[in-house]
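Take a moment with the model below.

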Amino acid sequence: MHVDPAPATYVGTILTAVRAFNQSRVGAVLDDADGVHGVDATIDEVIFPSLRVVGTFWSSGTIDVAHEHMLSTAVARWVAAKSAVLPGPSRKGTILLAAGPQDMHTLALDCLDLLLGSRGVEVCNLGAQTPVASLLLAARSINPTAVVLSSHTPTVASQAVRSVKAVAEAGLPVYFAGSSFASQFFRQNTPGVPLDGTLTEAAQMLATRHTTPPPEPVSQPRDRFRQPVVASA
Ligand code: B12
């Protein structure tokens, strides 16, 4: 009997590929995981755990920063390829995404972008190191239904908090995510709503709360007048 591997199994395979600098293998493993478990689980249960392990190994000196860079590039390529073949948005409302003014960590934002896109949500993703003034400029221009600000570098968290405050002062619903906001000090000084759960939960919540589905197709007039089928004797 064939049993599909659990999502966690792919993490070990990715780590082996990362150690061997086998970038194409990382992409192939993500394709396999996606084929079996779908894009939501691939992001939450394969990509994120792999990033955490590689981040921990890098900070403890077990692997080189080159390994971390290689995994980051492989993930970015995979997410971009998946995003490129999505159909256009079908829901009403645009979600604006941005990293903090000093923050180069964009992978989680790109993954959220993909998960929102796969739900038919229009996204405007400003990416890394978005200055506060530029974030407000984009917000004024597209009038988003919600803004998500991410930051993963606690040393630059105060700048990210400033972005969140500026968006809240502009009267827009604002969410924040990433390890920079783990500290209670920042949480107490940050308006907005934390996204602490999985990316799938965040995408689902943003889609349902801040965007609306396309209108239901109008029922076919022919159906209304269709005669009930009478069984013949
Ligand atoms: C990839 C990576 C990089 C890449 C980023 C590439 C890219 N395009 O994104 C590069 C190489 C550029 C990089 C640079 C740096 N990095 Co780095 N990086 C990482 C790594 C491995 C993954 C980051 C990530 O995407 N995390 C996403 C997930 C995996 O993080 P998480 O905290 O578990 O997420 C949970 C929640 O917070 C939430 N969440 C998190 N993000 C988001 C986003 C959204 C939208 C939502 C809804 C939810 C959500 O979901 C998860 C729960 O289910 C992390 C390791 C780690 N554990 O995060 C280090 C890490 C964040 N980096 C770190 C550091 C120190 C740096 C540098 C300062 C290194 C240096 N000396 O130059 C620079 C900072 C540059 C800058 N100014 O921003 C440290 C931060 C240390 C700390 N906490 O104090 C970490 C934790 C590594 C470590 N273990 O030490 N990094």
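The cobalt atom of the ligand has H105 as its only protein donor, through NE2 at 2.3 Å. Donors here are N, O and S atoms within 2.8 Å of the metal (3.2 Å for Na, K and Ca); water is not among the atoms, so sites may look incomplete. H105 sits in the loop between strand 1 (94-99) and helix 4 (107-117). Helices (H or I, at least four residues) and strands (E, at least two) are DSSP runs, numbered from the N terminus.

This is a predicted model: local features need pLDDT of at least 70, side-chain atom pairs count only at pLDDT 80 or more, and totals for chains, interfaces and linings use all residues. Residues are numbered from 1 along each chain as its sequence is written, and side-chain values use heavy atoms, with hydrogens and water left out.

Now follow helix 2 (residues 23-59). Helix 2 has 37 residues, yet its end C-alpha atoms are only 21 Å apart. A straight helix would reach 54 Å at 1.5 Å a residue, counting one less than its number of residues. Where does helix 2 kink? The kink, about 120°, is centred on H37; a bend is the angle between axes fitted to the seven residues ending at a residue and the seven starting there. After helix 2 comes G61, with a positive phi near 80°.

Last, the lining of the largest cavity. Helix 1 (7-19) and helix 2 each supply at least two of its residues. Helix 1 gives the most, with 3 residues.
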